[in-house]
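Please examine the sequence and the structure before reading each solution.

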Amino acid sequence: MLREIFIALSESATMRRISMSAPGSKTVSRRFVAGEKLEEGIAAVRRQVEAGYFATMDYLGESVTSRDEARAAADMYIRMLEQLAGQTLPGGEPLKTRANVSIKLTQMGQDIPAPPNTPPPAGPTWPQPERGMIPVEGRFDDVFLRDNVGRILDRARELGIFVRFDMESRFHTQRTLDFIRRLWAEGYHDIGIVLQSYLLRTEHDARVANSLGMRVRLCKGAYQEPPEVAIQDKPGVDRNYVKVATLLMAEGNYPGIATHDSTMIRAAIEFARTQQIDRSRFEFQMLYGVRRDLQQQLLKEGYNVRVYTPFGDAWYPYFMRRMAERPGNAMFIVNAVLRESPLGGIFGRNGR
Ligand code: FAD
């Protein structure tokens, strides 16, 4: 129930306005976001990498409907790539050897409508599943999206940096996979997708990705999806997670096992052990600020661990999805707001 409320709040423009101007909101967002500026994002990536982690960097933003805003977001990604390539670690190694970027296509203009009479994009499509697929409605400006994302991919290719495409809600699943399938056919192979274990179609999609040799990050899924497309109960989502994670580990290309769930992580480790899959053939991925204890433990055990490190001022929807995953996180809001409000004096500097 609380999960649904937080996910609904994450989509509310009014709540977004109110929350982002509330006292203490910046302090609160820092729990899961590295900062607002590029330098802060890069500094956080450096800290992770110097501590032994890999990182993937995300410039926060989604559901962009203006072409100028989408172009500006792509420009920021290009600056990020240049920083990752230009900065060196204490040993002289460039930061890019341990860090890449993650992109949301709706930030790049995926939902911008196509001009009238635009033909559908040419090239292959991603094979559709037998179940759990909703038809794509509307026509979108794929030419704009291709050009905008293409600028990032071309720079990433020049600099030798991998690009991951995050996965958003069910309205974007097939369109995102079709778009990436076309990029793949054009020869962009240093790119990867994200699959969500709550979706009924995910095993099918994992098999398609494996057959292409495309890298997959597997997560449980962060949106509110109906029974037509998604498994509704946690045990079912978890069972599917283990099933798809093991399929990716056995037959896929360097999968990212993205979860903070120690049961999922132990199942993956056990599978690797029994199947003699070397730790260099997969990685664990976790979100910045979430289960740092577990991140450290896996690192100590010798696993590759990548930390998803977001920055930027558009933190509200991302932050609310983190609340949805663990409503207990909401106590951070209460504490931080109290600390920075006049009531802070009454409750003491710690807000308690
Ligand atoms: P859960 O069953 O939700 O949680 C297991 C345990 O992990 C909880 O009991 C708690 O201890 C801890 N935990 C989980 N979340 C939190 C939190 N926010 N704060 C504190 N503790 C927490 N989703 C998408 O839909 N698309 C994406 O592209 C995407 N990319 C992701 C990239 C990475 C690297 C990760 C780690 C997640 C990503 N997600 C994405 C989010 C994902 O779908 C889940 O919503 C999120 O990871 C919570 O699921 P879980 O696997 O951690 O398991």
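**Exercise 1.** How much space lies in the second largest pocket? Identify the residues and elements that line the second largest pocket.

*Solution.* The model is predicted.
Step 1. The second largest pocket holds about 340 Å³ of space.
Step 2. Its lining is made up of 19 residues, and those closest to the centre are Ser-10, Glu-11, Glu-62, Ser-63 and Tyr-223.
Step 3. At least two lining residues come from each of helix 1, helix 2 (13-21), helix 7 (170-185) and helix 12. Helix 7 contributes the most, with 3 residues.
Step 4. Sorted by class, the lining of this pocket contains 5 nonpolar, 7 polar and 7 charged residues.

**Exercise 2.** What is the volume of the largest pocket, and which residues lie closest to its centre?

*Solution.* 
Step 1. The volume of the largest pocket is about 1,300 Å³.
Step 2. Lining this pocket are 47 residues, of which Lys-220, Gly-221, Ala-222, Arg-322 and Glu-325 are the closest to the centre.

**Exercise 3.** Which element supplies the largest share of the lining of the largest pocket, and how many residues of each class does the lining have?

*Solution.* 
Step 1. List the contributors: helices 1 (2-10), 9 (234-251) and 12 (316-325), together with strands 4 (191-196), 5 (215-219), 7 (283-287) and 8 (305-311), each provide at least two lining residues.
Step 2. Helix 12 provides the largest share, 5 residues.

Key. Residues are numbered from 1 along each chain as its sequence is written. This is a predicted model: local features need pLDDT of at least 70, side-chain atom pairs count only at pLDDT 80 or more; totals for chains, interfaces and linings use all residues. Side-chain values use heavy atoms; hydrogens and water are left out. On a 1 Å grid over the protein atoms alone, a cavity is a set of points where a 1.4 Å probe fits but cannot get out, and a pocket is an open set with protein on both sides within 12 Å along at least five of seven lines; lining residues have an atom within 4 Å of a point. Grid points are joined across faces, edges and corners, and a volume is the space filled by probe spheres set on the points. Helices (H or I, at least four residues) and strands (E, at least two) are DSSP runs, numbered from the N terminus. Ala, Val, Leu, Ile, Met, Phe, Trp, Tyr, Cys and Pro count as nonpolar, Asp, Glu, Lys and Arg as charged, and the others, Gly among them, as polar.
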